Amino acid sequence: MKDSSKWWKNAVIYQVYPRSFNDSNSDGIGDIRGIIEKLEYLKELDVDAIWLSPVYTSPNNDFGYDIADYKNINPEYGTIDDMKDLIKEASSLGIRIIMDLVINHTSNQHHWFKEAVANPESKYRNYYIWQNGAKNIFGKEKAPNNWTSFFTGPAWTKDEKSGQYYLHLFTKQQPDLNYRNPEVIEEVKQILNFWLDLGVAGFRCDVINILYKESFRNGKRQSAGTGREFFLSTPGTHKILKHLNKEVLRPRDAFTVGEATFATLQHAQEFTSGDELDTIFGFEHLQHGVSLQSRSKRLRDATIKWQSGLDWNTVFIENHDQPRSVSVLGNDKSYHYESSTMLATYTLTLRGTPFIYQGQEIGMTNYPFSSIEQAKDPVTKFIYNIARRSLLAKNLATKMAFSIGRDNARTPMQWTPSLNAGFSAAEPWMPVNPNHININVEQSSKEGTLSYYKDLIKLRKTEPALNSGEIKFLESDTKVLAFNRYSSGEIFTIILNMSSREVPAPVRLSGANIIMSNYSKPSHTDTLRPYESLIIKTTKLQ
Ligand code: TEU
Ligand code: CA
């Protein structure tokens, strides 16, 4: 493999959710020109690439994750020329662009699907997955099987015109593509080439581990995605990824990070074993679903497991689907600075490519939602309706919906303490968190979380051991994550107290060469304070 294909092993990647990043034309919606305006900011943070959440033409049922035209831009965000400018201007600052590739499904407004419905004889019918209904014991028609959408409810919707059902593993406006049809794979190759020709550096591949459905039998009942055993990480999906890798991705030196829903460590190893994807986003560490384990314990255990089991990980604790990390893994009230910087240290010192989600670098928090009317995410609305149907009181249903739904991640970026947090001169499409008065880029860059991020990124880039060094975990209290990163001559010991309690440090602190800490005064004991995080440097005698 050429060396240049490994740029991502030395990179820090920043995720932009365009709708909520920066609005350049005062319509309350973030846009591509808005991102261009903030490239200098990203340069100063010293990120090497932007993963851009979808900007393609879309009716926004799932805010861009339902694509109606893969080769065009949603007019709310700008034009294809704006996109070319973004790629060019970013590149002149040494920042690459990674596109979001959503190919498990399209929008029902894509002309392929419209044709498939309007004209069942057209070749586009076979771009999607159609089945006849089944019969229940009374002879009444029902869906072809018991599969459910990841977003709740049945995974099949009947097309009244033909009487057949189409499969959708997400909303019913997101019909799944048929990967048994080689023409679909050819279309995907064209899409990849189209964007690579425009100069993008790679792709974040949405739910890439569910492309190929091995069969359409009834599945085991599960809380999300009944039927998964027939479509998670199947041999058919591996075959398609090998093909795309060989035909397009490898020859064109494109970087890939695959989002793999419900992936096990073994799945991740298989996808990244050489001829499929470069890296994987696994979610075991972020408590997908309901669990009695505390979030921090799960984060710690899964991190040790994946870091030990994969040669090169992605390291992330936020994205546009997750709650804000400082609110769920830290303490956004009493220890905002301490816990957001502890989480920064987690993100930037483990072995792998770190991904920072917009706003994470200033410790943006969950939003104090109080009414379901404020929900934009379809998932929040689905959960609310289910909860109400099961007779949960309004306030509890609201709380539950916003804790599972994805609106917390999508409130506007907080740039300044002034009107609309400097995101837009008009009323933003989602409410701005009232805490922007204290939590914003302007203030955070002085002595806040943002300045800590900058220092840490700089440190990571000047100390090769922190980037490419080996990793070894240390015995510690279960509330502490502690590890060494080392390469020739240099050892860095990273210690993270993931709790608001005082806990014993796993190594002696007195006399240690602490080169970075999120407390202004060093500890005089061997006790870690709430969310204390430390980087200790030891130079080995040669
Ligand atoms: O998310 C896939 C996915 O697994 C989600 O269902 C996840 O489990 C959920 O969001 C957790 O709350 C990807 C995208 O990141 C998401 O934004 C899209 O809605 C989804 O695919 C469909 O394209
Ligand atoms: Ca705008």
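Tyr486 has its place in strand β17, residues 480-487; strands (E, at least two residues) and helices (H or I, at least four) are DSSP runs numbered from the N terminus. This is a predicted model, in which local features need pLDDT of at least 70, side-chain atom pairs count only at pLDDT 80 or more, and totals for chains, interfaces and linings use all residues. Residues are numbered from 1 along each chain as its sequence is written, chains are lettered from A and ligands numbered from 1 in the order in which they are written, and side-chain values use heavy atoms, with hydrogens and water left out.

**Tyr486**

- Tyr486 is partly exposed, at a relative accessible area of 31%; buried means under 20%, exposed over 50%, and partly exposed in between (1.4 Å probe, protein chains only).
- Apart from neighbours within four places in sequence, Tyr486 is in contact with Ala465, Gly469, Glu470, Ile471, Lys472 and Ile491, where contact means heavy atoms within 4.5 Å.
- A distance of 45 Å separates the C-alpha atoms of Tyr486 and Asp176, which are 310 residues apart along the chain.

**Calcium ion (ligand 2)**

- Five protein donors lie 2.2 to 2.4 Å from the calcium ion: Asp23 (OD), Asn25 (OD1), Asp27 (OD), Ile29 (O) and Asp31 (OD).
- Donors are N, O and S atoms within 2.8 Å of the metal (3.2 Å for Na, K and Ca); water is not among the atoms, so sites may look incomplete.
- The spacing of the donor residues in sequence is D-x1-N-x1-D-x1-I-x1-D.

**Ligand 1**

- Around ligand 1 there are 15 residues, of which Asp62, Asp206, His320, Asp321 and Arg406 come nearest; a residue is near a molecule or strand if one of its heavy atoms lies within 4 Å of it.
- By class, the shell has seven charged, four polar and four nonpolar residues. Ala, Val, Leu, Ile, Met, Phe, Trp, Tyr, Cys and Pro count as nonpolar, Asp, Glu, Lys and Arg as charged, and the others, Gly among them, as polar.
- Oxygen atoms of ligand 1 lie 2.5 Å from a polar side-chain atom of Asp62, 3.0 Å from one of Thr261 and 2.9 Å from an N or O atom in the side chain of Arg406.
- Ligand 1 taken alone exposes 500 Å², of which the protein buries 92%; accessible areas come from the Shrake-Rupley method with a 1.4 Å probe, and for residues only the protein chains shown count as cover.

**Gln174**

- Gln174 sits in the loop between β10 (165-167) and α5 (182-197) and is buried, with a relative accessible area of 0%.
- A polar atom of the Gln174 side chain lies 3.0 Å from the backbone oxygen of Tyr65. A polar contact is a pair of N or O atoms within 3.5 Å; within protein, one must be able to donate a hydrogen and the other to accept it, and residues adjacent in sequence count only if both atoms are side-chain atoms.
- Not counting residues up to four places away in sequence, Gln174 touches Asp62, Tyr65, Asp66, His105, Thr106, Phe151 and His168.

**Positive phi values**

- Asp46, a residue other than glycine, has a positive phi near 75°. Asp46 is in the loop between α2 (39-45) and β2 (49-52) and is partly exposed, with a relative accessible area of 26%.
- Leu391 is not a glycine either, and its phi is positive at about 70°. Leu391 lies in the loop between α11 (378-389) and α12 (394-404) and is exposed, with a relative accessible area of 76%.
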